Amino acid sequence: MTTTPCATPLPPQVIKHDYESDIMTLAMGPHHPSTHGVLQIMLKLDGEIVVEAEPVIGFLHRSMERMGQERPWIQYIAALNRFDYLATIHSEMPYCVATERIAGLEVPERAQWIRTLMMELNRIHSHLLWVGTFLLDMGATTIVMYALRERELILDIFEEITGMRMMNNYTRIGGVRYDITPKSVEMIRAFIKSFPQALKDMDAIITGNPIVRTRLIDKGVLTRQQALDFGAVGIASRGSGVDFDLRRDRPDFAYDKLSFKVPVYDSGDNFARYMVRMVEMEESLKMAEQCIDLMPEGPVQCKTKIGPMWKAPAGEAYAEVESARGILGTYVVSDGGATPMRTKLRGASFTNLHAFAQTLVGINISEVVILLGSYDVVLPEIDR
């Protein structure tokens with residue numbers, strides 16, 4: 001690849017050409033449409049081959065953790081919706097669970113089932129947006145219409161249950177904000193009935209497509225050892241043969257009462273990460289159906305009233321969930337005051353981005369966008 005003269009010289013941090021070694025430094029982002037957020041990747045290229053890559057993060061830093069220490073316990077939940085805006089239910093959950101552990105609150109069983117149901121619907125919603133935009137990154141414009149059509153159905157369900165399509169602010173310390181309604185149950189059952197055919201249609205278009213297979217198979221390989229070394233989690237690790245899923249291996253909520261499989265693929269390439277998500281949507285749908293069928297009656301909030309003036313006793317706790325992108329955790333410390341003394345967030349995209357940078361070395365620059373898309377990172381979760 002060569003650079004061409006231009007009337008306005010580019011800033012030195014954008015393109016640098018080392019004429020002694022023929023290595024060119026190219027900045028991808030921070031305002032690049034394919035990064036799906038504000039991310040910069042400094043690429044060193046030998047011709048069209050990436051020889052070194054360094055993600056530059058921090059452009060979206062909003063002091064998410066500090067905000068938790070400035071607000072009453074219950075008010076921080078709304079801010080956490082902005083942590084991973086595609087997995088809002090997952091983002092709320094660890095903070096509430098950690099606080100419940102500090103306070104010794106017992107969450108009603110029905111609330112635990114509703115939490116499980118909402119997290120699995122949220123997982124399907126997130127994966128649908130991913131598959132649509134991922135194929136857009138490859139130049140395929142049809143699938144996103146299929147994906148958004150199905151995603152809209154889940155957003156309708158969320159609106160019926162929580163009052164919001166996104167940024168749900170639904171989980172509460174000690175339970176959930178509202179019980180599910182008969183209408184929402186009908187909507188979920190209708191989705192459970194229709195979605196398998198929609199998933200089958202998308203699979204028929206994508207999985208066997210020779211162009212898709214050429215661009216995904218054996219591309220961007222993350223080995224099992226690399227996944228372990230860099231702490232990759234979620235689909236990034238399960239696509240590399242790491243057989244671990246919090247929902248099965250350290251079950252919480254109602255997961256220990258559900259029957260489901262954890263998809264694991266060994267090849268570690270883009271295609272493996274695609275397949276894990278497609279199978280996960282099938283399994284999440286099965287779990288949602290079981291939640292509707294087996295959910296017990298009862299209250300959805302604990303007996304303790306948690307209002308703006310509520311104070312958690314002194315203590316500390318950590319809680320985590322298997323979000324759409326992997327392990328998402330929150331560490332909370334209380335000194336007995338009206339606000340948390342310390343909150344610390346752990347996002348899956350942060351560790352997965354470091355694993356992604358390793359897999360860039362040796363690939364053609366034309367594959368960088370697709371490889372980044374296969375990890376499904378959410379930048380607000382990284383920058384916080």
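Visitor: Why is Glu280 called buried?

Guide: Buried means under 20% relative accessible area, exposed over 50%, and partly exposed in between (1.4 Å probe, protein chains only). Glu280 has a relative accessible area of 2%, so Glu280 counts as buried. A quick word on the source: this is a predicted model, where local features need pLDDT of at least 70, side-chain atom pairs count only at pLDDT 80 or more, and totals for chains, interfaces and linings use all residues. Residues are numbered from 1 along each chain as its sequence is written, and side-chain values use heavy atoms, with hydrogens and water left out.

Visitor: What makes Arg238 and Glu280 a salt bridge?

Guide: The rule asks for a side-chain nitrogen of Lys or Arg within 4 Å of a carboxyl oxygen of Asp or Glu. Here N to O is 2.6 Å, so the pair qualifies. Arg238 sits in helix H9 (residues 235-238) and Glu280 in helix H11, so parts 42 residues apart in sequence are tied together. Helices here are DSSP runs (H or I, at least four residues), numbered from the N terminus.

Visitor: Is Arg238 buried or exposed?

Guide: Arg238 is buried, because its relative accessibility is 1%.

Visitor: How many salt bridges does the rule give?

Guide: The count comes to 26.

Technical notes: Helices (H or I, at least four residues) and strands (E, at least two) are DSSP runs, numbered from the N terminus.
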